[in-house]
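Hello,

Here is the structure for you to look at. My notes on what was found follow below it.

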Amino acid sequence: MKTYNNLYDKIHSFENLIEAYNKAKLGKRPKKYVREFEANLEQEIFQLKYELENQTYHPSPLHRFVIHDPKTRVIHAPAFRDRVVHHAICNIIEPIFDKTFIFDSYASRKGKGTHKALIRFDEFKHKVSRNGLLSPHALETNMIRGYVFKADIRHYFPSVDHEVLMNLIKIKISDKKVLRLLRMFIECYSSDLDKGMPLGALTSQLFANVYLNPLDHFVKEKLRLKYYIRYLDDFAILNESKIRLEVIKSDVENFLSNELKLELHPEKSKIFPLHKGITLLGFRIFYHHRLLKKSNLKQFFRRFEIMEEELYEGLIDELDFEARVDGWLAHAKWGNTYKIQNDVKKSVSRILDQGNQFSPNG
């Protein structure tokens, strides 16, 4: 198998660091730390280049905070200059690993994403059910043929074993300087443990796919299963036979434990009949329709109220308010949410029509 050397100079090249900076600031509202970095951009980039080139670079301590979206998650965010380095690394090594990923891995990859995964799941459920053919044993109950094993890995990011991850990286990367830099980011999550990755770092998104890539190939090549989708640590396997899926579940559990030192979440890893639907990627997916998860819907309306207050207080402008709502509506349209979307649009119109009252001088 081909391995890649002589990558380090590409990572710390001036051109790559500038590209990395542009990606790191992309899509973010002007923040103080971004403005400060940009005010001395050339100096900051040359300083990063110098530190990387001379191997004196060390990332700053991670900023820890908690979000509720709707699950409670502990985020460890890197400093902005470290985010630039994360992007510089991924610019060079992500294409190398992406070539090894299966088609149906959908998280943090160009041309993929949640909506592509939903489309693919629909395609698979139609094939497994033979386009909605009823089960021969349950015609009277109107049961759609087929089952789905919906799985979630328990405490995925905190459970990633550093040595297992480094060994997987070494399969493709042989540049010792790059490996040293990657290990530095992997181990900065905790100096006391030999496992765990920071949720919130760009490199962690790449490493999350690298770490579960062996599972993907095990399912596709060893178990020879066609109907498998993974989005980060959530995955689904569809099959006509419940008994077959029970065997598959056991095989997957053994592989995760023996090869990757992971375990399935006992409450979130179960086999369901297709006609009963499953929860996947923020939706409750049934055979003929999709609904937004109630918890996600409640979370949006809580955020909506906060955004309305921010608009009233002048903390955000109307364009920002509309852009945030439009982003959610673009996601919501993937479910059967016509009435909800109309209600939200009416609320937005009502709020904007009262725009004068939100003006600091109004």
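**The cores**

The largest nonpolar core has 69 residues, and those touching the most other members are Ile93, Ile169, Ile173, Leu215, Phe235, Ile237 and Leu260. A nonpolar core is a set of buried Ala, Val, Leu, Ile, Met, Phe, Trp, Tyr and Cys residues joined through side-chain atoms within 4.5 Å. Buried means under 20% relative accessible area (1.4 Å probe, protein chains only). Helix α5 (residues 80-98) gives the most to this core: 10 residues. Helices are DSSP runs of H or I, at least four residues; strands are runs of E, at least two; both are numbered from the N terminus.

Another core lies apart from it, with 32 residues, including Leu281, Phe283, Phe321 and Leu352.

This is a predicted model: local features need pLDDT of at least 70, side-chain atom pairs count only at pLDDT 80 or more, and totals for chains, interfaces and linings use all residues. Residues are numbered from 1 along each chain as its sequence is written, and side-chain values use heavy atoms, with hydrogens and water left out.

**The whole protein**

The protein has 14 helices and 9 strands. Of its 362 residues, 45% are buried.

Look for an open sheet of 3 strands, in the order β7-β8-β9, with antiparallel pairing. Two strands pair if DSSP finds at least two bridges between them. β7 (278-280) and β9 (290-292) are the edge strands, each pairing on one side only. Between β7 and β8 (residues 283-285) there are 3 bridges. Thr279 stands opposite Arg284 in β8.

Best wishes

Methods. Buried means under 20% relative accessible area, exposed over 50%, partly exposed in between (1.4 Å probe, protein chains only).
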